[in-house]
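This report is meant to be read alongside the sequence and the 3D structure.

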Amino acid sequence: MSTNGNGNNGDAPEVTDAEARSIGGNVSGSGPAPESEPGSVVAGEVAPPPAQLKKADFVSGQEVRWCPGCGDYSILNNVQKVMPELGIPREKIVFVSGIGCSSRFPYYMNTYGFHSIHGRAPAVATGIKAANPELSVWVVTGDGDALSIGGNHFMHAIRRNLDMNVILFNNRIYGLTKGQYSPTSELGKRTKSTPMGVIDYPLNPLSVAIASEATFVARSLDLDVKHLGATVQAAARHKGVSFIEVYQNCNIFNDGAFEYFTERSVRTDHMIYLEHGQPMIFGKERNKGIRMNGAHPEVVTIGENGITVDDLLVHDIHLKDPSVAFMLARMEYPDFPQPVGIFRAVERDTYEDMMEAQIKAAIAKQGAGNLEKLINSGDTWIVGG
Ligand SMILES: Cc1ncc(C[n+]2csc(CCOP(=O)(O)OP(=O)(O)O)c2C)c(N)n1
Ligand code: SF4
Ligand SMILES: [Mg+2]
């Protein structure tokens, strides 16, 4: 079967430049999903119109157990909203998680799901996708789940470039276990397990993903629902592994962790929305920008010292070399505006396609295999009683 690996037989296109451009801040998202054609003729017969799924179809009957006000609700809501637009039947979708508040996600999706063990969601998802490439596979994980206990699994799942989607809810804390520091907690942060302040340097999830050869890397935030929805949709359309870091507020154990750049009154000055093909401009007055000074990015003001828009860096998500994406991922407030958007979207063969090609080649050369024969081949012994 010809499939783009998202379980939709290639109907949903890869993320386009126009689409990536539209994922600017607070814009209207990705627009309506391409409509299927009810009543189209298939092999001489009129095919019945496909049932149009709605958001409500993806809401499970499970009671949601997150704390009132948790950022996880927004992410759930947006993923449920995007699902019908992908045109994938529910029975072809699987959500896999590890352990954590975020990892309760599969219970709330009316799809297949697997609440696995701590840090192992990427391994379970890899098995699911490799065995059933036609499924749309989603990994939901936390900063602790993905980057502490699951760091090894995360890195290897990413580098293999299976066509699956990984959403990391980054609240910079262990939420479920009541507020210990995580690999993304800031230096000096006082938590239940670091009463005198964190002395581990934090990991940047995007840096880890890019260093692990991720072919699609993005960042969004729970507060900006349009941006989040459009980012999830772009990730779903990418063929290959897609990784999204979502800044998520844990209002119980790390409330306001991202407010210094996400709070409405400062957002336009303290954040930059990356838009493919566009110069990197930000600020309330839209007069600040990022330009390269030798090998380093710097913040400049348009109109000062003869600087014009033409001096600014133009965002290109398709650069094969990940250096610029890595550089952007390292930009942080207050030295830089905090960037969100798609950092990188490049094409590379997927694991499952290469695996299928190898299996086909082996069968063509040696014929179909016989497991029983294989097990009984070579040196075998009978263990006597
Ligand atoms: C093998 C194992 N070690 C430790 C734990 C305890 N534990 C459960 S969730 C968790 C961390 C969760 O943090 P994160 O992934 O950031 O998820 P959040 O709750 O913040 O969404 C830990 C350490 C566990 N369940 N299993
Ligand atoms: S502890 Fe934090 S992350 Fe967990 S459900 Fe409550 S608010 Fe959300
Ligand atoms: Mg966490």
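In which loop is Asn305 found? Asn305 is found in the loop between strand E12 (296-301) and helix H11, where helices (H or I, at least four residues) and strands (E, at least two) are DSSP runs, numbered from the N terminus.

This is a predicted model, in which local features need pLDDT of at least 70 and side-chain atom pairs count only at pLDDT 80 or more, while totals for chains, interfaces and linings use all residues. Residues are numbered from 1 along each chain as its sequence is written, and chains are lettered from A and ligands numbered from 1 in the order in which they are written.

**The chain as a whole**

The secondary structure of the protein chain comes to 13 helices and 13 strands. Of its 385 residues, 42% are buried; a residue is buried if 20 or more other C-beta atoms, placed from the backbone, lie within 10 Å of its own, exposed if 12 or fewer, and partly exposed in between. Among the contacts with a separation of 6 or more, 68% are between residues 24 or more positions apart, a contact being two residues whose C-beta atoms, placed from the backbone, lie within 7 Å.

**The sheet**

Strands of a sheet pair through backbone hydrogen bonds, either parallel or antiparallel. Here, an open sheet of 8 strands has the order E4-E3-E5-E6-E8-E7-E13-E9, with mixed pairing, and two strands are taken to pair if DSSP finds at least two bridges between them. Its edge strands, each pairing on one side only, are E4 (112-115) and E9 (271-274). Neighbouring strands of this sheet are turned by 20 degrees against each other on average, direction ignored; axes are lines fitted to C-alpha atoms, for helices over the stretch in contact, and angles run from 0 to 180 degrees between N-to-C directions.

| Strand pair | Sense | Bridges |
|---|---|---|
| E3 (93-97) and E5 (136-142) | parallel | 5 bridges |
| E6 and E8 | parallel | 6 bridges |
| E7 and E8 | parallel | 6 bridges |

The chain crosses from E7 through H8 to E8 in a right-handed β-α-β crossover, a term used if, with the strands pointing away from the viewer, the path from the first strand over the helix to the second runs clockwise. Helix H8 (residues 225-237) lies across E6, E7 (216-221), E8 and E13, and runs at about 160 degrees to E7.

Strand E8 is largely enclosed by the rest of the structure, because 6 of its 6 residues are buried. In a regular strand the side chains alternate between the two faces of the sheet. Both faces of E8 are covered, with Ser242, Ile244 and Val246 buried on one side and Phe243, Glu245 and Tyr247 buried on the other.

**Loops and backbone**

Most residues other than glycine have a negative phi, and most peptide bonds are trans. Arg172, in the loop between strand E6 (164-170) and helix H7 (205-211), has a positive phi of about 55 degrees although it is not a glycine. Asn305, likewise not a glycine, has a positive phi of about 55 degrees. Are these residues buried or exposed? Arg172 is buried, with 25 other C-beta atoms within 10 Å, whereas Asn305 is exposed, with 7.

The peptide bond from Tyr333 to Pro334 is cis, with omega near 15 degrees, and Pro334 is found in the loop between helix H11 (323-329) and strand E13 (338-345). Gly256, in the loop between strand E8 (242-247) and helix H9 (259-262), counts as exposed because it has 11 C-beta neighbours inside 10 Å. Gly256 and Asn171 are 85 residues apart in sequence and 9.6 Å apart in space, C-alpha to C-alpha.

**The ligands**

Ligand 1 is surrounded by 18 residues, of which the closest are Gly100, Gly142, Gly144, Asp145 and Gly175; a residue is near a molecule if its C-beta atom, placed from the backbone, lies within 6 Å of it. Helix H5 (residues 143-149) gives the most to this shell, with 4 residues. By class, the shell around ligand 1 has 7 nonpolar, 9 polar and 2 charged residues, where Ala, Val, Leu, Ile, Met, Phe, Trp, Tyr, Cys and Pro count as nonpolar, Asp, Glu, Lys and Arg as charged, and the others, Gly among them, as polar.

The residues around ligand 2 include Cys67, Cys70, Cys101, Asn171, Gly175 and Cys250. The shell around ligand 2 has 7 nonpolar, 3 polar and 1 charged residues.
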